[in-house]
Amino acid sequence: MANLGTRIYTRFKGRLVGKDADGRSYYEARTANRTGGGLKRHERWVIYHKGEDASVVPPEWWGWLHHVDEAPLPESARQPWQIPYTGNLTGTVDAYRPPGSDYRGGRRAPSTSDYEAWLPEG
């Protein structure tokens, strides 16, 4: 969700390049106005949905946003083995919680290895 300043800037300076599968809009400045890598480049930005963070940008758009690719990877170029992208789930109810985690009861199987803890002499 863009604030008022971003919406005004986007309206007057931006050109819509495309949208990803989740409906986020990707823009590029109409004129080259940023210097990066010794070149004048077009500024690029994304308008997120309310409450999203930057980890939700799919890889095909991430490369374009960071000037790695000249154009975003089209859906037709995706390989069959590629799974759909999901953002960083840390801090959400869907985050990975391994066995022994406090969120899963805090109990884990006892160690069966030959590990011996180090104790200082003395």
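**View 1. Ring pairs join Tyr9, Tyr27 and Trp45 into a cluster.** The model shown is predicted, so that local features need pLDDT of at least 70 and side-chain atom pairs count only at pLDDT 80 or more, whereas totals for chains, interfaces and linings use all residues. Residues are numbered from 1 along each chain as its sequence is written, and side-chain values use heavy atoms, with hydrogens and water left out. Aromatic rings of Phe, Tyr and Trp (its six-membered ring) pair if their centres lie within 6.5 Å, and planes under 30 degrees apart count as stacked, over 60 as edge-to-face and the rest as tilted. The structure holds 4 aromatic pairs. One of them is the tilted pair of Tyr9 and Trp45, with 5.4 Å from centre to centre and 55 degrees between the planes. This pair links distant parts of the chain, since Tyr9 belongs to helix H1 and Trp45 to strand E3, 36 residues apart. Tyr9 is partly exposed because its relative accessibility is 31%, while Trp45, with a relative accessible area of 11%, is buried; here buried means under 20% relative accessible area, exposed over 50% and partly exposed in between (1.4 Å probe, protein chains only).

**View 2. The rings of Tyr26 and Trp61 are stacked.** Their centres are 4.0 Å apart and their planes stand at 10 degrees, so the pair counts as stacked. Because Tyr26 lies in strand E2 and Trp61 in helix H2 (residues 59-65), the pair ties together parts that are 35 residues apart in sequence. Both Tyr26 and Trp61 are buried.

**View 3. Strand E2 pairs with E1 and is joined to E3.** Helices (H or I, at least four residues) and strands (E, at least two) are DSSP runs numbered from the N terminus, and two strands pair if DSSP finds at least two bridges between them. Strand E1 (residues 14-19) and strand E2 (residues 25-36) are antiparallel over 5 bridges, and Leu16 has Tyr27 in E2 as its bridge partner. The hairpin of E1 and E2 has 5 residues between the strands, and in its turn Gly23 has a positive phi of about 90 degrees. Between E2 and strand E3 (residues 39-47), which run antiparallel, there are 8 bridges, with Ala32 opposite His42 in E3.

**View 4. Gly37 takes a positive phi near 65 degrees in the hairpin of E2 and E3.** This hairpin has 2 residues between its strands, and Gly37 is found in the loop that lies between E2 and E3. With a relative accessible area of 81%, Gly37 is exposed. From C-alpha to C-alpha, Gly37 and Gly100 are 47 Å apart in space, and they are 63 residues apart in sequence.

**View 5. Leu4, Ile8 and Phe12 make a nonpolar surface patch of about 350 Å².** Patches are made of residues with over 30% relative accessible area and no salt bridge, where like charges are joined within 9 Å and nonpolar side chains (Val, Leu, Ile, Met, Phe, Trp, Tyr) within 5 Å. A salt bridge is a side-chain nitrogen of Lys or Arg within 4 Å of a carboxyl oxygen of Asp or Glu, and accessible areas come from the Shrake-Rupley method with a 1.4 Å probe. Leu4 is found in helix H1 (residues 4-13) and counts as exposed because its relative accessibility is 56%.
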